Amino acid sequence: MITLKSPREIEGMRKSGALLAAVHIGLRDIIKPGISAMEIERFADHYITSHGGIPGEKGFEGYKYATCVAVNDEVAHATPRQNLILHNGDLVKVDMTVTLDGYQSDSCWSYAVGEVSSKIKKLMDVTKKALYLGIDQAVVGNRLGDIGYAIQHYTEDENGYGDVRDLIGHGIQPTMHEQPNVPHYGEPHKGLRLKEGMTITIEPMINEGTWQILTKEVSDPNDPWEYYVTADGGWSCQYEHTLAITKDGPKILTSQDPIGDAKYL
Ligand code: MF3
Ligand code: CO
Ligand code: CO
């Protein structure tokens, strides 16, 4: 079932998204060579709870953490391991959800650790632009295929990257994962028609090489968990926003950038 949200509900999600965005903004100063992934987790968990929020991933299908922290060829759902030390040149993705007063938000951001190579910088730029090209299609009357096509065409046809198929965006609110599924690939004018009041995530995962991914086990026997890595060892990048589809266009609810995102606020 797809639930359409009232302006009041969208305001609640916007407050939740603002808290989530503040965590990402704080992480810009935390993420540097030498820190462990667990330090990202501790910062996020503490920031969310001390501002009245609940880390939504904690307890979700047995997951134990506030964040997913994936580095380099790791694609998604990776745990913030204490023994994962970030090095200069690494690409780290931090994905989290926040519940605030019953309202959900979900946003992943990619960070360069120290200085990344120009090759990885380009992967980051293309992935972020792909997210925004997808958001631009999230207008009343368009279809889900318009979002997916915009992302796939730009990342694969124009830039030669691999656009992950197996993990997708989703409706959000009242729970983290709601209908509809929001694939990051597709055909123009195909799929479900977008309506005012839908709240969704768009969260492309773009790989340097093949779009195919594999599952991998966290090696800690006390903390069994399966996450995703690229099939060919190429690096992967991801950006995710939560947005509302309104009659005034797509509204980003997890914005970290009031100036750059001005037309989406
Ligand atoms: N935040 C992820 C998403 O974008 C979901 C992570 S579920 C977890 O949908 F259990 F791995 F945390
Ligand atoms: Co999501
Ligand atoms: Co997410």
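Colleague: How do the residues of the shell around ligand 1 divide by class?

Modeller: It's a predicted model, where local features need pLDDT of at least 70, side-chain atom pairs need 80 or more, and totals for chains, interfaces and linings use all residues. Residues are numbered from 1 along each chain, chains are lettered from A and ligands numbered from 1 as written, and side-chain values use heavy atoms, without hydrogens or water. Ala, Val, Leu, Ile, Met, Phe, Trp, Tyr, Cys and Pro count as nonpolar, Asp, Glu, Lys and Arg as charged, the others, Gly among them, as polar. That gives 5 nonpolar, 4 polar and 5 charged.

Colleague: Which of the 14 residues around ligand 1 come nearest?

Modeller: Being near takes a heavy atom within 4 Å. Of those 14, the nearest are E57, D95, H170, H177 and E203.

Colleague: How far is an oxygen atom of ligand 1 from an N or O atom in the side chain of E203?

Modeller: A polar contact here is a pair of N or O atoms within 3.5 Å. For D106 the distance is 3.1 Å, and for E240 it's 3.2 Å. For the E203 side chain, it's 2.8 Å.

Colleague: Which strand gives the largest share of the lining of the largest pocket?

Modeller: Strands are DSSP runs (E, at least two residues), numbered from the N terminus. Strand 4 (91-100), strand 7 (169-171) and strand 8 (178-182) each supply at least two lining residues. The largest share, 3 residues, comes from strand 8.

Conventions: Polar contact = N/O pair within 3.5 Å; in protein donor to acceptor, adjacent residues only side chain to side chain. Helix = DSSP H or I, 4+ residues; strand = E, 2+ residues; numbered from the N terminus.
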